[in-house]
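Please report on the complex shown below. Cover confidence, the interface and the sheets.

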Amino acid sequence: MKVVVDMDKCQNHGQCVFAAPDVFRLDDGAQLVHVSHPDDALRDDVEEAADVCPMQAILIEGSEP
Amino acid sequence: MTARVVVAGASLGGLRAAERLRAAGWTGAITVVGDEPHMPYNRPPLSKEVLAGSAPFESLAFTPRASAADVRWRLGTRITAARLNERVLTLDGGEELAFDGLVVATGLRARRLRCAGPSGPGSGRHTLRTLADARALRSRLTRPGTRLVVVGAGFIGCEVAATAVGLGVARVTVVDTEPLPMLRPLGELLARALLHRHERRGVRFALGAGVAGFRGDTRITGVALSDGRVLDADVVVEAVGARPNTEWLEGNGLDLTDGVLTDGHLRAGGLAHVVAVGDVARFPNARYDSVPRRVEHWSIPGDAAKCAASTLLAGLAGHPPPPAPFTPLPTFWSDQHDFRLQSFGTPELGTGDIRVLHGDPAGDVVVGHHSGGHLVGVVSLGNPAASAAAARHRARLLSQPSLLPQGAAP
């Protein structure tokens with residue numbers, strides 16, 4: 001699974017951090033950073049993170065399990 | 001015939017409901033009926049990026065989950081009536097659509113002002129709820145020399161005013177009967193700070209007054225206020241709230257007073273085969289108390305869809321709903337000018353006891369709203385670091401006791 005964040009869209013709302021804290025976090029400057037290739041076991045969390053992004057900036061690439 | 005769930009409404013709540021029905025194991029047919037011609041799209045950018053011209057309309061469409069690929073979309077189709085006990089909907093044109101389970105997700109429409117003066121297309125009066133609304137308003141605001149009056153200093157009104165200033169609109173005035181913008185959700189401390197920030201960036205306010213009428217023949221030339229003032233205007237945005245789209249449900253014994261009343265599991269009218277999600281649902285949230293409320297926040301449709309899908313599938317199988325009721329932690333944000341309001345919890349329940357948690361109202365600030373001594377909401381105003389600071393209180397909000405009177409049933 002590959003996670004892509006469209007940084008032109010991302011406005012650092014941080015909702016993804018609540019949904020998938022192992023994949024997304026806000027750094028010391030409150031900017032979003034993320035793991036590009038998380039373990040497939042985290043797919044549900046990442047899908048939730050993509051759903052709750054107010055800017056719809058998170059894309060998940062790679063076939064479903 | 002295979003069993004079918006109909007989702008009434010093709011916005012965020014309708015899409016998420018369809019996806020969550022699949023996720024919860026529904027293998028029957030799903031039909032989503034929506035009256036707009038578009039697939040579900042994201043509305044928050046309408047008053048900001050879309051109005052400013054920095055996001056193309058096409059960028060707003062949601063990407064449905066793969067699990068919802070076989071959902072049937074009936075777009076550009078209005079539901080005119082429902083017979084819930086017979087499990088039949090009537091569509092415009094007279095067609096009847098049978099269902100086994102129904103998800104009500106028909107949302108809201110903009111409320112309009114009823115007062116004398118020009119009205120209708122071309123009059124200069126606008127609302128902002130749909131893509132079509134945003135397109136029409138943008139085309140008017142980009143004309144040089146435009147004087148804009150925004151009626152209503154809530155979320156949409158304040159965002160439109162900020163975007164209009166950014167677009168270089170010649171004069172932007174916000175009218176509201178309340179003495180401060182966004183007073184009800186924010187409370188006085190932040191509302192006052194918000195007012196000053198808008199004024200410093202060029203937004204004018206006419207507060208404590210309502211609209212008495214519009215001036216002009218076929219086109220708006222001014223807005224007459226209840227205190228006698230008249231504001232020159234070429235364009236008016238009516239941002240005075242929204243009304244639930246529930247007329248099609250009348251005659252079924254549901255409580256449709258301000259939306260569809262549901263129980264704590266989002267069932268409508270005690271029916272096992274009808275649930276409601278999104279802005280149209282008026283539900284109790286035992287996290288706070290037992291008062292059913294509609295919550296017009298972006299996060300609610302997605303949260304509600306999860307609960308409603310489980311409730312509906314249990315109901316269709318003849319089982320009681322899952323034990324956990326719907327107890328979302330609401331969250332909202334509002335981007336205006338170069339700052340953001342970020343809220344977690346339900347600050348409007350605690351506007352009588354507001355404490356500064358970080359910073360200073362003149363700069364970046366985080367405040368806590370309390371009720372009965374308990375933290376019920378945290379709101380930040382300022383830069384991204386302030387929003388992040390507010391977010392750090394989220395776990396505290398989740399662990400607060402309910403505001404239900406002691407001994408009351410949840």
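Which side chains meet in a salt bridge of 3.3 Å, N to O? They are those of A:E47 and B:R65. A salt bridge here is a side-chain nitrogen of Lys or Arg within 4 Å of a carboxyl oxygen of Asp or Glu.

**Model and confidence**

This is a predicted model, in which local features need pLDDT of at least 70, side-chain atom pairs count only at pLDDT 80 or more, and totals for chains, interfaces and linings use all residues; side-chain values use heavy atoms, with hydrogens and water left out. Residues are numbered from 1 along each chain as its sequence is written, while chains are lettered from A and ligands numbered from 1 in the order in which they are written.

The pLDDT is the predictor's confidence in each residue, from 0 to 100. The table gives the chain values.

| Chain | Mean pLDDT | Residues at pLDDT 70 or more |
|---|---|---|
| Chain A | 93 | 95% |
| Chain B | 96 | 98% |

Within chain A, helix 1 (residues 15–19) has the highest confidence, at a mean of 97. Strand 4 (residues 58–61) of chain A has the lowest, at 92. Helices (H or I, at least four residues) and strands (E, at least two) are DSSP runs, numbered from the N terminus. For the complex, the predictor gives an ipTM of 0.93 and a pTM of 0.96.

**The interface**

Chain B puts 22 residues in contact with 17 residues of chain A, where contact means heavy atoms within 4.5 Å. The two chains bury about 1,600 Å² between them. Carbon and sulfur atoms carry 47% of that area. Buried area is the accessible area (1.4 Å probe) that two parts lose on being put together, summed over both. B:R65, B:W298 and B:R340 supply 26% of what chain B buries against chain A, more than any other three residues.

Charge pairs also cross this boundary. There are 6 salt bridges between chain B and chain A. The rule also finds 9 residue pairs in polar contact across the interface, both residues at pLDDT 80 or more. A polar contact is a pair of N or O atoms within 3.5 Å; within protein, one must be able to donate a hydrogen and the other to accept it, and residues adjacent in sequence count only if both atoms are side-chain atoms.

On the side of chain B that touches chain A, helix 1 (12–23), strand 21 (331–336), strand 22 (339–345) and helix 8 (384–391) of chain B each supply at least two residues. Helix 8 of chain B gives the largest share, 4 residues.

**Salt bridges overall**

Over all chains, the search finds 31 salt bridges. One of them joins the side chains of B:R16 and B:E19 at 3.0 Å, N to O. These residues are 3 apart in helix 1 of chain B, so about one helical turn separates them.

**Two sheets of chain B**

An open sheet of 5 strands in chain B runs in the order 3-2-1-7-19, with parallel pairing. Strand 3 (72–74) and strand 19 (274–276) of chain B are its edge strands, each pairing on one side only. Two strands pair if DSSP finds at least two bridges between them. Strand 7 (residues 101–104) of chain B is joined to strand 19 of chain B by 3 bridges. There, B:L102 has B:V274 as its bridge partner.

Another open sheet, of 3 strands, has the order 13-14-15 in chain B and antiparallel pairing. Strand 13 (211–215) and strand 15 (230–232) of chain B each have a single partner strand, so one side of each lacks a neighbour in the sheet. Strand 13 and strand 14 (residues 222–225) of chain B pair over 4 bridges. B:V211 stands opposite B:L225 of strand 14 of chain B.
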